[in-house]
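Okay, thanks for coming, everyone. Let me put the structure up and walk you through a few spots.

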Amino acid sequence: LRDNRIELVRASWHELSISVSDVSLSDEGQYTCSLFTMPVKTSKAFLTVLGVPEKPQITGFTSPVMEGERMQLTCKTSGSKPAADIRWFKNDKEVKDVKYLKEEDVNRKTFTVSSTLDFLADRSDDGAVLSCRVDHESLNSTPQIAMQVLEIHYTPLVKIISSNSWPEEGQSIVLTCESKGKPVPEPVLWTKDGGELPDPERMVVNGRVLSISFLNKTDNGTYRCEAKNPIGRNSTEYVLIVHDVFNTLLPTTVIPSLTTATVTTTVALTASKTTSATAISTRDPNAFTGKTGPDHALIGGIVAVVVFVTLCSIILLGRYLARHKGTYLTNEAKGAEDAPDADTAIINAEGSQVNAEEKKEYFI
């Protein structure tokens with residue numbers, strides 16, 4: 001061996017050691033050690049030299065990229081022996097759908113390998129890190145990596161958020177227009193039913209926020225928020241419906257407003273009237289005290305009193321007639337009860353012939 005890169009490290013009767021510096025692919029081959037004895041003894045070893053891949057390069061990258069455009073990125077490395085392995089990653093997640101190509105170099109000892117990534121630019125890829133990773137046994141588990149950060153430009157994405165899901169008359173509402181785009185959208189434009197906001201005093205726009213105070217039915221309509229940037233414009237709508245004021249009443253149990261009572265009267269008329277009046281005035285304490293219809297209980301009470309008075313009058317009249325029931329005599333018969341005989345009775349009677357001109361008969 002006659003090369004300045006080869007040095008004798010140790011020489012003795014038992015050992016001969018050499019070192020090779022700045023190893024190149026030309027150093028690969030079979031090495032022979034000979035012991036000059038009779039006969040000569042030899043030992044051989046084959047040296048394999050690995051081709052270290054060059055640092056990978058990504059080509060075809062442009063920035064920024066418009067949403068929807070097709071991107072075709074190629075990662076390439078040369079000088080690897082054996083051929084290196086190339087893999088693509090997006091935010092540390094490997095991308096499988098790639099094309100792999102291996103070519104032999106001019107020296108016919110090393111290889112150039114490349115991998116192509118083809119995809120459509122999407123807004124979700126904005127800010128994503130694309131990395132091309134080269135693995136080879138000569139790198140001692142320390143891969144070589146090339147990276148690129150994607151910048152995707154896209155039209156604004158618009159959304160309206162309402163502060164009140166059930167707006168009522170007299171209340172307020174705040175509509176927030178969230179717009180996200182790249183480049184950042186310009187200040188948003190608020191319109192109502194295709195025209196300008198009709199009441200600037202109550203409808204105040206502050207940046208992306210629309211505030212409407214003292215809502216009324218004239219505020220009903222479709223509110224549009226529009227945002228734009230150099231890439232394009234987008235809009236969204238919100239339909240506002242103002243509801244009537246909802247009167248919240250305390251929960252009540254629906255029961256008759258008046259209680260029903262049965263009164264049996266066995267006393268005099270004045271006492272029964274007092275009892276009836278007390279029954280009429282008795283009300284359900286849980287009844288609703290608001291405005292009601294005709295007081296049917298009061299009318300019923302009056303009717304009951306009238307019927308009761310009528311019945312009492314009939315009873316009193318009946319008793320009176322029963323007490324005066326008896327035998328009624330004519331004037332001629334008066335005074336005849338004490339007479340000893342009929343002739344004397346006729347003579348003593350008030351209706352005798354003596355007073356006949358003055359006496360009259362009454363028939364009942």
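I'll go through one serine, then a sheet, then a helical stretch.

Quick housekeeping: this is a predicted model, so local features need pLDDT of at least 70, side-chain atom pairs count only at pLDDT 80 or more, and totals for chains, interfaces and linings use all residues. Residues are numbered from 1 along each chain as its sequence is written, and side-chain values use heavy atoms, with hydrogens and water left out.

So, Ser115. You'll find Ser115 in strand S11, residues 111-120; strands here are DSSP runs of E, at least two residues, and helices are runs of H or I, at least four, numbered from the N terminus. Is Ser115 buried or exposed? Buried, at 1% relative accessible area, where buried means under 20%, exposed over 50% and partly exposed in between, with a 1.4 Å probe and protein chains only. Its side chain makes a polar contact of 3.1 Å with the side chain of Trp88. That term means N or O atoms within 3.5 Å, within protein one able to donate a hydrogen and the other to accept it, and residues adjacent in sequence count only if both atoms are side-chain atoms.

Now the sheet. It's open, with five strands in the order S6-S14-S15-S18-S17 and mixed pairing; pairing takes at least two DSSP bridges. At the edges sit S6 (65-66) and S17 (203-206), each pairing on one side only. S17 runs antiparallel to S18 (residues 209-212) over four bridges.

Last stop: an unreviewed UniProt entry annotates residues 297-317 as "transmembrane region", though such annotations may be inferred rather than shown by experiment. In the model, that stretch is 100% helix and 0% strand, with its end C-alpha atoms 30 Å apart.
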